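Reader: I am new to this structure and would like to go through it slowly, one question at a time. Could we start once it is in view?

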Amino acid sequence: MSILAIILLILLGLLLLLIEFAVIPGVTIAGIGGFLLLGGAVYVAFAEYGVIPGFITLAIVLILAPAMVYYFFKSRTGKKMILEKNIDGKVDLINKEKIVVGDTGKAIGRLAPMGKVKVNGEMVEAQSTGNFIDHNTEIRVLKIESNKIIVEPLKK
């Protein structure tokens, strides 16, 4: 085989690997075929041209394949495939100075068993003691946790 055939095997193997990473995720025929073509190129270089050209081909394959994947994911097209968003949300903590155990308030929505309540002018996440609490029902605070309160309906 000629050097052109070895170069063609390397380029086709790299193309199949690129297809594997960009188009068909997972382990598919494209990825396996890409590795087989790259391995075949190295084998042919060793078998036809000897040890030194074989190791040169092996070094080229071991440098080009990871470099191609790295530069693909650094390109504009590759960056569109990667999630690079940071989560900037936060958990609202209960102001324990404004809401204390025993305070009363009103359910803003239905608590089934979680929902929003308004206590002392503060809207907070609340959990009922197990029963559903309907909209506009008067409630009493039983327990305060870091980001929610436990409530029960007031007996009328």
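Author: A salt bridge, as the term is used here, is a side-chain nitrogen of Lys or Arg within 4 Å of a carboxyl oxygen of Asp or Glu. Please keep in mind that this is a predicted model.

Reader: What is the N to O distance between the side chains of lysine 143 and glutamate 145?

Author: Lysine 143 is partly exposed, with a relative accessible area of 46%, and glutamate 145, at 27%, is partly exposed as well. A salt bridge needs a nitrogen and a carboxyl oxygen within 4 Å. The side chains of lysine 143 and glutamate 145 meet in such a bridge, and the distance from N to O is 3.8 Å.

Reader: How many salt bridges does a search of the whole structure find?

Author: Side chains of opposite charge can pair when their charged atoms come close. The pair of lysine 143 and glutamate 145 is a salt bridge, and a search of the whole structure gives a total of five.

Reader: Which residue forms a salt bridge with arginine 110?

Author: Arginine 110 has its closest N and O contact with this partner at 3.6 Å, and the partner is aspartate 134. The pair links distant parts of the chain, 24 residues apart, with arginine 110 in the loop between β1 (104–107) and β2 (114–119) and aspartate 134 in the loop between β3 (122–128) and β4.

Reader: Which strands hold glutamate 152 and arginine 140?

Author: Glutamate 152 forms a salt bridge with arginine 140, and the closest N and O atoms of the two are 2.2 Å apart. This pair links distant parts of the chain, twelve residues apart, with glutamate 152 in strand β5 and arginine 140 in strand β4. Glutamate 152 is buried at a relative accessible area of 17%, whereas arginine 140 is partly exposed at 32%. The strands are β5 for glutamate 152 and β4 for arginine 140.

Reader: Which side chain of opposite charge is nearest to lysine 148, and how far away is it?

Author: Lysine 148 lies in the loop between β4 (138–144) and β5 (149–153), and its side chain makes a polar contact of 2.6 Å with the side chain of glutamine 127. Leaving aside neighbours within four places in sequence, lysine 148 is in contact with Ile94, Met114, Glu125 and Gln127. A salt bridge requires atoms within 4 Å. Lysine 148 is buried and has no salt bridge, the nearest side chain of opposite charge being glutamate 145, at 4.1 Å.

Reader: How far away is the nearest side chain of opposite charge for glutamate 20?

Author: Glutamate 20 lies in helix α1 (residues 3–22), and its side chain makes a polar contact of 2.5 Å with the side chain of threonine 28. Its contacts beyond four places in sequence include Pro25, Gly26 and Val27. Glutamate 20 is buried yet has no salt bridge, and the nearest side chain of opposite charge, lysine 74, is away by 21 Å.

Reader: Is leucine 111 buried or exposed?

Author: Leucine 111 lies in the loop between β1 and β2. Not counting residues up to four places away in sequence, leucine 111 touches several residues, among them Val117, Ala126, Phe132 and Val151. Its relative accessibility is 0%, and the cut-off for this class is under 20%, so leucine 111 counts as buried.

Reader: Why is the pair of phenylalanine 46 and phenylalanine 55 given its class, and what is that class?

Author: The structure holds three aromatic pairs. In the pair of phenylalanine 46 and phenylalanine 55, the ring centres are 5.1 Å apart and the planes stand at 85°. Planes over 60 degrees apart fall in one class, so this pair is edge-to-face.

Methods
Residues are numbered from 1 along each chain as its sequence is written. This is a predicted model: local features need pLDDT of at least 70, side-chain atom pairs count only at pLDDT 80 or more; totals for chains, interfaces and linings use all residues. Side-chain values use heavy atoms; hydrogens and water are left out. Helices (H or I, at least four residues) and strands (E, at least two) are DSSP runs, numbered from the N terminus. Buried means under 20% relative accessible area, exposed over 50%, partly exposed in between (1.4 Å probe, protein chains only). Lys and Arg count as positive and Asp and Glu as negative; His and the chain ends are not counted. A polar contact is a pair of N or O atoms within 3.5 Å; within protein, one must be able to donate a hydrogen and the other to accept it, and residues adjacent in sequence count only if both atoms are side-chain atoms. Contact means heavy atoms within 4.5 Å. Rings of Phe, Tyr and Trp (its six-membered ring) pair if their centres lie within 6.5 Å; planes under 30 degrees apart count as stacked, over 60 as edge-to-face and the rest as tilted.
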